[in-house]
Amino acid sequence: MTVMIGMILMFLQATGVTTGRAEEPLQMTTGGWVFMIGAWTFILVLVYYTFSKVLRGDKK
Amino acid sequence: MANKDDNDIDLNPIPDFPYDKDVVEREGWASQLGLVLAMAGNAVGLGNFLRFPALAARNGGGTFMIPYFISFLLLGIPLMWIEWGIGRHGGKYGYSTSPGMFEKLWANPLSKYLGALGVFIPLAFVIFYTYIESWTLGYAVLSFAGQMPSIAGQSPDQAFTTMGDYLAAYQGTNNGLAWSGSVIGVIFFAITLFLNIFVISKGIAGGIERMAKIGMPLLILFAIIVGIRVLSLPGAMGGMAFVWNPDFSRITDGAVWLAASGQIFFTLSLGTGSIQTFASYLKETDDIVLTGLATSSMNEFCEVILGGSIAIPAATAFYGAGAATAIANSGTFNLGFQTMPAVFSGLPGGALFGGIWFTLLFFAGITSSLALAQPAMAFLQDELRMTRQRAALLVGAIIFVAVLPIIMFLQYGYLDEFDFWSGEFLLLVFALIETILFFWIFGGRKAWDEIKQGQQIPLPRFFYPIMKYVVPIFISLILIKGIIDSLLPRLLSQKWVDLPGWSKATASFGDRVMYEFGFHGRELVANADIAAQSGYRWAARLEMIILCAIVMALTGYAWNKYRRSERGGAHTQ
């Protein structure tokens, strides 16, 4: 499915505008913060959810 | 719980043959937390701290996380559950390795030989991995002892060269001889091998689980310490920007999606056979849905949060933003053993932080190598009726003998061949085989019920079609891409070169798809570097073939000598 999504997006890119990140200054952009905080939050919630249950299971 | 009448699943924990408990005693995990940490230790390796951040930076930064997390949900976690399910299912019948596990999934004489790949692959993997792991131990000790070279007054480029020369001296590739190897490198390898053999000789709960309970918390603690130090450096946030700033143009690049799915596959240590072996020590009623998810989430924590905050930000702070791309492209080994030591050498208290950095890499390495060694251990114990100590000694002896050519012919691509076949290509082959066996030959319904058995959290229904259809398609695409991009050029001593005038940015959708699969926009040309090493590379392949043949022969021998007699002449039910 991911590959299929990739194929669709490849098509969209082939018909769209390409931008380069190399020209941008190396400072965290709003998008960078959003992706970083989003990814970190997702992982930390997952770790908390699973490990709280694992530790609870070991105490029983 | 499975309906036995409908699905014909044997949930009886008693093996279907008279198992000799005096000869082979089944081990087990002391706690669920210990199991999760050991599994996470298996997954968390050098790639979490060195490969992931560079890959993310090269493939669109923050936007790389979109295909990365989608692959995590659609490939990583489902395949993780499949491997746990196969392992626990085989464990019910007293099998700790995939030859027996596969035979329980597919009653065919061929199945045990397909399963033998699950013993051979991790054995070949651990042979070269232990050697690389020994570099981290050696560098940790040398850093703490203040024996790393000084780079005072040197430019970043000079410092990189200095560290490169130091690494070459450590590896013994600059000794002026036709073969490589240094005394100090071999000493640290021997110590690393001894530690590995000592721990696995103590068994599952007393060795691997205890090591994971010590190693994983220390690894995380050390990574947090180094991460805080790195992010306090001037310019380090530029590195974070390099890793995380989204490049939305790359989100539409199919190669980025394949890179993300490949990273998820390798970072979770899927396809090695070690997850099945660890899971075989579970009880029938133990959960695998929650523990599999906990293992995966711990790996992601170490990779995305910790791994993403150290190497690239540190390198960017030291070398400057302009060098960020070159650093990301410099490769895992250069980043870990040249760039990072140079960064720490230039810091106040650099010896301490460098030592901590390499110690955390060592813990990441040893928890993985222990898991990779365990299938061979379990095979010798279960199938050839060896004692644990004797099996550990034999595994150690095999690693020691088999690694010698890797050390001696390091500069000729010998290690690279081991890495490609047992660390990449065969993992995909094995994962595809096990997925087809479990969900298509054993049966999708039975496989699904097996995974759900003992679940502590609900398993959403939509994962069933993902496991049955999406996962094998996913793996097949990565495999085909690997054959085209790496296997063919490697075997033919060639390399891919873009055709003049080819531009991905202006190509049509169809042309870009054709490009990825090698039919358009690029061609194979002679690779003089690979061709010059051809003899050594074929020697490495021959060594792996011999090793594989030995494992296959031992599998056949074990079945004829033990398994057949235990079942009155029948191989399977």
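These notebook entries record what I looked up in chain B of a predicted model.

**Conventions.** I worked with a predicted model in which local features need pLDDT of at least 70 and side-chain atom pairs count only at pLDDT 80 or more, while totals for chains, interfaces and linings use all residues. Residues are numbered from 1 along each chain as its sequence is written, chains are lettered from A and ligands numbered from 1 in the order in which they are written, and side-chain values use heavy atoms, with hydrogens and water left out.

**Entry 1: helices α4 and α13.** I took helices and strands as DSSP runs (H or I, at least four residues, for helices; E, at least two, for strands), numbered from the N terminus. Axes are lines fitted to C-alpha atoms, for helices over the stretch in contact, and angles run from 0 to 180 degrees between N-to-C directions. I noted the crossing of α4(B) and α13(B) as right-handed; a crossing is left-handed if the near helix is turned anticlockwise from the far one by less than a right angle, and right-handed if clockwise. Contact means heavy atoms within 4.5 Å. Among the contact residues are B:Phe72, B:Trp81 and B:Trp84 of α4(B), and B:Leu293, B:Glu300 and B:Val304 of α13(B). By class, I recorded 10 nonpolar, 5 polar and 2 charged residues in the contact of α4(B) with α13(B). Here Ala, Val, Leu, Ile, Met, Phe, Trp, Tyr, Cys and Pro count as nonpolar, Asp, Glu, Lys and Arg as charged, and the others, Gly among them, as polar.

**Entry 2: helices α3 and α11.** I next examined α3 (residues 46–58) and α11 (residues 254–267) of chain B, which pack at an angle of about 175 degrees with axes 11 Å apart. The two helices α3(B) and α11(B) are therefore roughly antiparallel (angles over 145 degrees). B:Gly47, B:Asn48, B:Arg51, B:Phe52 and B:Leu55 of α3(B) make the contact with B:Ala259, B:Gln263, B:Phe266 and B:Thr267 of α11(B). I counted these residues by class as 4 nonpolar, 4 polar and 1 charged.

**Entry 3: helices α6 and α7.** In chain B, α6 (residues 109–144) and α7 (residues 156–171) pack at about 115 degrees, with axes 12 Å apart. I noted a right-handed crossing for α6(B) and α7(B). Including B:Trp135 and B:Tyr139 of α6(B) and B:Tyr166 and B:Tyr170 of α7(B), the contact has 7 nonpolar, 3 polar and no charged residues.

**Entry 4: positive phi.** I found B:Arg385, not a glycine, with a positive phi of about 60 degrees, in the loop between α17 (350–382) and α18 (388–408) of chain B. B:Arg385 is buried at 16% relative accessibility (buried, under 20% relative accessible area; exposed, over 50%; partly exposed, in between; 1.4 Å probe, protein chains only). B:Ser493, also not a glycine, has a positive phi of about 55 degrees. I located B:Ser493 in the loop between α21 (463–492) and β1 (494–498) of chain B, buried at 15%.

**Entry 5: accessibility and cysteines.** My search of the whole structure gave 0 disulfides over all chains (pairs of cysteine sulfur atoms within 2.5 Å). B:Cys302 is buried at 0% relative accessibility, and B:Cys548 is buried at 16%.

Definitions and conventions
Angles under 35 degrees count as roughly parallel, over 145 as roughly antiparallel, 65 to 115 as roughly perpendicular and the rest as oblique.
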